[in-house]
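Please have the sequence and model open as you read.

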Amino acid sequence: MTNSSVKTRLMNKALDYLGRYATSQHRLREVLGRFAIRKLDKHDPDKIAAAIRATVTRCQTLGYLNDDAFAQSQASKHRQQGRSTRGIRQRLRQHRLDDTIIDAALDAADQHSANSELLAAFRFARRRRLGPFDRQQYDDEKDRQTLRQRQLGSLARAGFTMAVSRTVIGLEDRDAAEMLMDQLEQGEDPTV
């Protein structure tokens with residue numbers, strides 16, 4: 001197999017992968033590297049490494065691969081799902097993205113809002129049925145306090161600060177929480 005056919009196979013694999021998934025340069029390099037180990041193991045590893053670099057560069061030049069756009073789309077998607085800034089930052093770092101790219105993506109996802117972390121925590125709580133979104137009724141105060149501690153722990157493990165977690169869990173009324181979320185989505189600065 002010639003060097004050009006190796007490049008062709010790597011480019012075909014890259015296009016197939018990019019056609020199905022949005023990804024970063026780092027992740028595409030990993031995918032192509034695994035492909036080369038499986039399918040191109042009879043070739044010189046140095047030539048394959050050079051061909052992988054050339055394929056990634058070509059995909060970037062053609063506009064199929066853009067770390068900035070990838071980071072922004074991922075940050076927006078995760079924010080809508082109720083992920084914390086810390087959680088989103090950790091997920092994007094797994095793609096070996098630069099901190100400036102991550103900061104810009106988070107800023108764009110938050111739409112320059114100061115209360116985006118609180119809104120994300122409310123979305124997380126609604127999705128997981130925590131705090132005001134919990135539908136169970138507890139008659140015993142001890143059970144309620146135990147549940148409250150567990151729910152605070154769940155928010156903390158998701159990457160939210162204790163202050164934000166207490167604000168979310170502290171609301172008793174679902175309607176009040178929904179109203180507060182609406183205000184946060186509108187960009188208002190509600191008083192909690």
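**Helix α3**

- Buried in α3 (under 20% relative accessible area) are Ile48, Ala51, Ile52, Thr55, Val56 and Cys59.
- Seen down the axis, the buried residues of α3 fall within an arc of 135°, so they line one face of the helix; the arc is that of the directions from the helix axis to the C-beta atoms.
- An α-helix has 3.6 residues a turn, so residues three or four places apart point the same way.
- Gly63, with a positive phi near 90°, follows α3.

**Basis of the model**

- This is a predicted model, in which local features need pLDDT of at least 70, side-chain atom pairs count only at pLDDT 80 or more, and totals for chains, interfaces and linings use all residues.
- Residues are numbered from 1 along each chain as its sequence is written, and side-chain values use heavy atoms, without hydrogens and water.

**His78**

- His78 sits in helix α4 (residues 67-80); helices are DSSP runs of H or I, at least four residues, numbered from the N terminus.
- His78 is buried, at 6% relative accessible area.
- Leaving out residues up to four places away in sequence, His78 touches Arg83, Ile88 and Arg91 (heavy atoms within 4.5 Å).

**Aromatic pairs**

- The whole structure holds 2 aromatic pairs (ring centres within 6.5 Å, for Phe, Tyr and the six-membered ring of Trp).

Terms used. Buried < 20%, exposed > 50% of the residue type's maximum accessible area, 1.4 Å probe, protein only. Helix = DSSP H or I, 4+ residues; strand = E, 2+ residues; numbered from the N terminus. Phe/Tyr/Trp six-rings, centres within 6.5 Å; stacked < 30°, edge-to-face > 60°.
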